[in-house]
Every structure is written in C-alpha cells, then in structure tokens.
Amino acid sequence: MTTSNESLQQWVDEVAMLTKPDNIYWCDGSETEYQGLINQMLDSGDLIKLNDNYKNCYLHRSNPTDVARVEHLTFICTPEEEDTGPNNHWMQPTDAHMKMDDLFSGCMQGRTMYVIPYCMGPIDSSYSRCGVEITDSPYVVANMNLMTRMGQPALERIEQEDRFVRGLHSTGELDPERRFIMHFPEELMIQSFGSGYGGNALLGKKCHALRIASSQARTEGWLAEHMLIVEIENPEGEKHYLAAAFPSACGKTNLAMLIPPESHAGWKVRTIGDDIAWLHLDETGQLRAINPEAGYFGVVPGTNENTNPNAYNTIQSDTIFTNVAVTADNEPWWEQKTTGVPTIDWKGNPFTGENGPAAHPNSRFTVSARRNPAYSPLADDPAGVPISAIIFGGRRRTLAPLVYQAKDWNHGVLIGAGVASETTAAATGEVGVVRRDPMAMKPFCGYNFADYWDHWLQFGERSDNLPKIFHVNWFRRDEDGRFLWPGFGENLRVLRWIIDRCENRTEAVETPIGYLPHAEDIDTEGLDMQPSDMETLLGVDSASWRDEMQAIGKYLQGYGSRLPEKLSAEHRKIAELLD
Ligand code: SAT
Ligand code: MN
C-alpha cells in the first residue's frame with residue numbers, strides 16, 4: 001500500500017530519508033495485521049501472553065523510566081513565545097526542528113517504519129479530523145489500532161481532504177536525557193522521541209486530539225476538551241448527555257462507565273467517551289460532542305467488580321495491559337483487584353509485598369470501546385450528541401463542595417479556569433500536591449490559556465442555548481482522611497441534581513460561589529452517611545473561599561495583559577460577593 005496523496009507520500013519519503021528504516025509498512029487497520037503485530041511482539045518479548053482466563057490479553061512492561069507523561073519535556077513550538085503562554089513549555093520552531101532532526105537522524109536503522117493513517121472521530125463526521133502517525137514501535141501501532149479508527153478508511157478520507165496532522169514518533173533509546181515531545185500547531189505537526197509511553201507515543205491522543213486540536217479548534221470555532229461524555233437515561237426514558245472535565249486519573253473513566261446503584265432501578269448510563277470531547281455549535285446554537293477516540297487507555301489499579309464493573313468486564317479479553325503485575329499462573333494483577341495473588345511485579349521482579357506496589361500506579365489498559373457493556377452506539381453518530389451540562393472537577397480534600405452550579409456561562413468559564421486538583425501518577429513528579437489545572441487542560445492546552453479562556457467566553461456571545469456549567473468534587477475528606485462521599489455509582493445522585501437543574505425542575509441555594517443544592521435535594525437514602533457529612537459537603541466556608549479566590553486571582557494575573565477583561569470582571573464580582 002502507498003497513497004495517491006502527494007503531500008503524504010512526500011512526507012513519508014522525507015521521514016524515511018531522515019530515519020533510515022529497513023522497511024516501510026503502511027497499516028491497513030485489519031484484524032490480520034493486528035494479530036501479526038501481536039505475534040511479532042510475543043516473539044520479541046515486547047508482549048507477554050496472559051492466561052486463558054484473559055483471552056487475547058497481553059502484558060507489556062515498559063522501561064521503568066518511561067511510565068507516564070513527561071510535562072517538563074513536552075513543548076509547544078510557536079514563532080512567538082507569547083502564543084504558547086505560561087501554561088506551556090516553549091521552544092522556537094526552528095530550534096526545535098533542528099534538535100529533533102538530530103535525534104531522528106538514522107534512528108530507525110534496523111527497524112520497520114510503520115505509517116498509520118487514522119481518523120479522530122467517526123469516519124463520516126464533519127467534526128472529525130485526520131492524522132498520520134509514523135512510528136518505529138509495533139506496540140504503538142497495536143495501541144493505535146485499539147484507540148483510533150485507523151487504516152484504509154482513514155487513508156481514503158485523508159486522500160479526499162488533503163489535510164492531516166503529521167505525527168512522527170520513535171522510541172529511540174528510551175534515554176530520559178534524549179526525550180522530547182514537540183508540537184508545532186501552525187504546521188499541524190507533532191514530533192515525539194525517546195518514549196514509548198501512552199500519552200507521549202500514541203500521538204492521536206493527547207498530542208493530536210488535545211494539544212494540536214485545541215489550537216485548530218480555536219481558529220475553526222470549536223473546542224477540544226479533556227472531557228468524558230456520558231448518556232444518562234431516567235426511568236421515564238428521558239436522555240441527557242453530560243460532558244465532564246477532570247484531570248488525569250481522577251475518575252473520568254469511572255464516571256463515563258457508571259453503573260446505577262440498586263437504589264436507582266430503571267436508570268441507564270451509557271458511555272460515549274471517557275477522556276476527550278470535541279465540541280461544536282450546530283446551526284441551532286446547540287453544543288454537540290463527539291468522542292474523537294475509539295478505545296480507552298485507562299488506569300488499571302483500583303478497577304474491580306465493585307468500583308467499575310463495566311471497565312472490569314471490558315478488560316477481561318482483547319486488552320493490552322501495560323505495567324501491571326502477574327500472578328503465578330500468569331493472570332494480570334493490580335492493587336484492589338479482589339482475586340489472585342501477585343508474584344511478579346510490574347518491572348518483572350519477584351513481588352515480596354514490601355518492594356512497592358505490585359502494579360505501577362499509572363499502569364494502563366488499552367481496549368476497544370466496543371468491548372464496554374455500556375457502549376453507546378451514538379459514539380459512532382457523525383452528528384455527535386447534544387450536551388446539557390458541562391461539569392468541571394478536581395481532587396480536593398477540602399474546600400470544594402460536592403456540587404455547585406455556575407450562575408451563567410461567563411461565571412462557568414471562571415469556575416473552569418479556577419479548577420485545582422491534587423496531582424496523580426499520570427504524570428511524572430510529586431503526587432498529591434494541589435496545583436491549578438484549568439478545565440483539566442493544564443498539560444494539554446496547545447496555546448496560551450488567556451486566549452483559550454477568551455475563546456471559551458466567545459461561545460457566550462455565539463449562542464443563548466449553551467449547556468449549564470457545574471463543578472463537582474467526589475474527593476472531599478474529613479480530618480481523619482475518610483472520604484465523605486461514597487463516589488463511584490452513587491455519583492448518579494449528584495448527576496440527577498445536575499439534570500434537574502438543567503430542566504428547571506429543582507430550586508437551589510444562591511451563594512457567592514454559585515448555586516448549591518438544598519441538602520434534601522440530593523437523594524442520600526440508603527447511604528451510610530451522617531447529616532453532618534452532607535452539611536460539610538454542601539458548605540461554603542467564606543474565609544477559605546476568600547483565600548481561594550485570592551489564589552485564583554493571583555494565578556490569573558500570571559497571564560498578564562492577555563487575560564480577558566470579562567474573566568477579571570467575573571473574578572472581581574465573586575470576590576466582592578465573598579467580602
Ligand atoms: O497518558 S495519557 O496522557 O494518555 C493518559 C492521561 O494522562 O490522561
Ligand atoms: Mn486523560
């Protein structure tokens with residue numbers, strides 16, 4: 001296979017000249033191709049076959065220094081540093097190209113160069129965008145096969161459109177000193193060297209569908225967001241679609257696959273997407289969402305038949321596990337798995353119970369979305385789904401209430417811009433430190449956050465039919481560190497309030513930070529909770545909130561004169577209400 005598209009053919013030829021692979025292979029996305037790659041990786045030791053309880057499941061052990069996204073080595077390369085913004089690391093594009101050309105030079109000698117045409121979103125959707133990833137990693141190809149719509153149909157669309165994101169990847173020597181993930185938004189180009197890890201190497205995901213797409217979306221008038229998309233159907237058959245932005249490893253997959261608790265007979269929840277949403281205004285001013293991905297790259301530890309039965313079922317077959325432990329009979333094992341005993345840890349060493357966790361805290365499963373028992377066929381609808389509510393959230397032990405609603409769109413943008421969360425194992429660095437993570441996009445916004453907030457604010461002028469905006473926090477704790485809210489399936493109780501607010505079916509308490517539920521409007525029947533827990537969960541402590549608003553103000557000021565005046569005005573308004 002080659003292509004009739006001249007610019008694609010020319011780029012592939014150029015890359016081959018630079019990287020000097022032994023072979024070039026164009027991926028067609030077929031089942032045969034996938035199996036061939038798996039067999040090849042079983043032979044090379046890149047994959048380990050898991051036992052027959054896990055049909056077609058494989059374990060990949062990454063290099064132990066290559067287990068998460070590396071934000072300090074991730075760059076946005078625009079001619080003007082200002083356009084990249086203080087939220088990103090910046091490099092001058094010509095310098096970055098020189099550096100990368102040097103790294104890529106001859107790096108594929110003795111290896112096969114794979115060309116992966118892919119489409120982010122349903123092949124026949126005008127909201128979808130295409131890309132081509134060139135990589136020397138068969139692991140990347142297999143993962144892209146599960147995560148995207150790749151191969152022949154994508155190539156055909158690319159040949160028609162003649163517009164695609166160019167992504168070049170090589171695992172290199174996995175030397176952390178020679179590792180860079182570069183983005184060139186103006187060239188629609190990504191270059192990633194020296195890492196085989198998910199977010200650094202599966203270029204369709206964070207690099208394309210968020211960093212490059214957010215920048216593309218700004219010019220084209222839409223939004224590329226770090227959001228799950230979930231369908232909620234009540235017992236009367238009324239459906240709502242919610243989009244929720246939480247930082248990595250804060251439960252997006254769990255919420256997207258939520259199973260209604262026994263107390264909620266007749267409710268149905270279906271998954272459209274678990275990580276990324278592309279949002280477009282349609283001709284009626286309705287915001288519609290597609291999930292650009294076709295699979296899940298989810299955090300494994302913590303997944304079990306109680307916390308997330310859908311995910312647990314999804315990963316019983318046809319799954320690639322990365323960096324989990326195994327039992328003596330070669331079953332995958334991870335922390336909070338309720339069966340089996342780990343004998344070999346994620347690095348391949350004997351597990352004693354004392355040498356750290358058995359599975360890496362950021363170990364992942366890669367699986368096709370179609371394996372999810374709660375998969376919504378609307379994930380393939382080219383028109384996407386109409387969004388009723390946008391939900392922001394983070395991991396906060398204190399301060400942030402269980403749920404509150406923005407007073408209007410602009411206030412909602414401020415709430416999104418002020419999101420903070422405790423860091424997780426999804427990125428290298430210290431875990432559990434509260435940092436600002438606006439719209440959960442801190443690691444993923446491909447341009448200056450100040451311009452991004454301005455872009456968000458403009459939606460308020462383009463439509464009077466926008467979703468309502470909310471903030472949730474499932475992670476509130478008491479002084480002893482105990483979680484105050486049960487979370488998981490019980491989160492449906494909060495989503496019900498959100499939907500009732502969207503439908504004007506329930507009153508709320510107006511506070512300076514937004515609308516909060518009356519305690520009796522969150523159904524807690526059957527939950528093991530004290531009334532005082534609910535009081536804490538729905539309390540707004542003015543003194544702490546004054547401090548928070550001050551901290552948010554200081555953070556926003558960091559964006560200088562580019563900060564939209566509307567956002568500053570919104571911030572002043574809330575700060576005054578708190579005084
Ligand atoms: O590694 S990924 O960036 O793909 C997952 C995540 O951190 O959300
Ligand atoms: Mn994510």
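Mentor: We'll start with the overall picture, then go to single sites.

Trainee: What kind of model is this?
Mentor: It is a predicted model.

Trainee: How many helices and strands does the protein have?
Mentor: There are 16 helices and 31 strands.

Trainee: And what is the radius of gyration?
Mentor: It is 23 Å. A compact globule of 579 residues would come out near 25 Å, so the value agrees with that.

Trainee: What box do the C-alpha atoms fill?
Mentor: Roughly 65 × 55 × 45 Å, along the principal axes.

Trainee: What share of the residues is buried?
Mentor: Buried residues make up 62% of the 579.

Trainee: What about contacts between residues 24 or more positions apart?
Mentor: Take the contacts with a separation of 6 or more. Residues 24 or more positions apart account for 73% of them.

Trainee: Now the surface. How much of it is accessible?
Mentor: About 21800 Å². Carbon and sulfur atoms hold 47% of that.

Trainee: How many charged side chains are there?
Mentor: The protein has 50 positive and 82 negative ones. The centres of the two sets lie 2 Å apart.

Trainee: Switching topic. Which residues hold the manganese ion (ligand 2)?
Mentor: The protein donors are Lys-206 through NZ, His-226 through NE2 and Asp-275 through OD. They lie 1.9 to 2.2 Å from the ion.

Trainee: How are those donor residues spaced in sequence?
Mentor: The pattern is K-x19-H-x48-D. Lys-206 sits in helix 8, residues 204-220. Asp-275 is in the loop between strand 15 (268-273) and strand 16 (277-281). The pair therefore ties together parts that are 69 residues apart in sequence.

Trainee: Are Lys-206 and Asp-275 buried or exposed?
Mentor: Both are buried.

Trainee: Okay, Ile-315 next. Where is it?
Mentor: Ile-315 is in the loop between helix 10 (309-314) and strand 19 (320-322).

Trainee: Why does Ile-315 count as buried?
Mentor: Because its relative accessible area is 0%, and buried means under 20%.

Trainee: What does Ile-315 touch?
Mentor: Leave out residues up to four places away in sequence. Then Ile-315 touches Tyr-54, Cys-57, Thr-303, Phe-321, Trp-334, Phe-365 and Val-367. There is also a C-alpha distance to note: Ile-315 and Asn-372 are 57 residues apart along the chain, and their C-alpha atoms are separated by 8.4 Å.

Trainee: Thr-303 is on that list. Where does Thr-303 lie?
Mentor: In the loop between strand 18 (295-299) and helix 10. Thr-303 is buried too, with a relative accessible area of 4%.

Trainee: Which residues is Thr-303 in contact with?
Mentor: Beyond its neighbours within four places, the contacts are Asn-308, Ala-311, Tyr-312, Ile-315, Trp-334, Gln-336 and Phe-365. Trp-334 and Phe-365 are also touched by Ile-315.

Trainee: And Gln-336, buried or exposed?
Mentor: Gln-336 counts as exposed, at 52% relative accessibility. The cut-off is over 50%. Gln-336 is in the loop between strand 21 (332-333) and strand 22 (342-344).

Trainee: What does Gln-336 touch?
Mentor: Gly-302, Thr-303 and Asn-304, again not counting residues up to four places away. Gln-336 and Ile-315 are 15 Å apart, C-alpha to C-alpha, and 21 residues apart in sequence.

Trainee: Let's move to Pro-261. Where is it?
Mentor: In the loop between helix 9 (252-256) and strand 15. Pro-261 is buried, at 12% relative accessible area.

Trainee: Which residues is Pro-261 in contact with?
Mentor: Gly-489, Glu-490 and Leu-492, leaving aside neighbours within four places. Arg-493 is 232 residues from Pro-261 in sequence, yet the two are 9.4 Å apart in space, C-alpha to C-alpha.

Trainee: Last topic, backbone angles. What is phi of Phe-488?
Mentor: It is near 45°, a positive value in a residue other than glycine. Phe-488 lies in the loop between strand 29 (468-472) and helix 13 (492-502). Phe-488 is partly exposed, at 39%.

Trainee: And what is phi of Asn-504?
Mentor: Near 55°, also positive and also not in a glycine. Asn-504 is in the loop between helix 13 and strand 30 (509-511). Asn-504 is exposed, with a relative accessible area of 67%.

Note on methods. Residues numbered from 1 in each chain as written. Chains lettered and ligands numbered in written order. Predicted model: local features only at pLDDT ≥ 70, side-chain atom pairs only at ≥ 80, totals over all residues. Heavy atoms only, no water. Helix = DSSP H or I, 4+ residues; strand = E, 2+ residues; numbered from the N terminus. Buried < 20%, exposed > 50% of the residue type's maximum accessible area, 1.4 Å probe, protein only. Contact = heavy atoms within 4.5 Å. Rg over C-alpha atoms; globule rule 2.2 N^0.38 Å. Areas by Shrake-Rupley, 256 points an atom, 1.4 Å probe, with all protein chains shown as cover. Lys, Arg positive; Asp, Glu negative; His and termini not counted. Charge placed at Lys NZ, Arg CZ, Asp CG, Glu CD. Donors = N, O, S within 2.8 Å, 3.2 Å for Na, K, Ca; no water.
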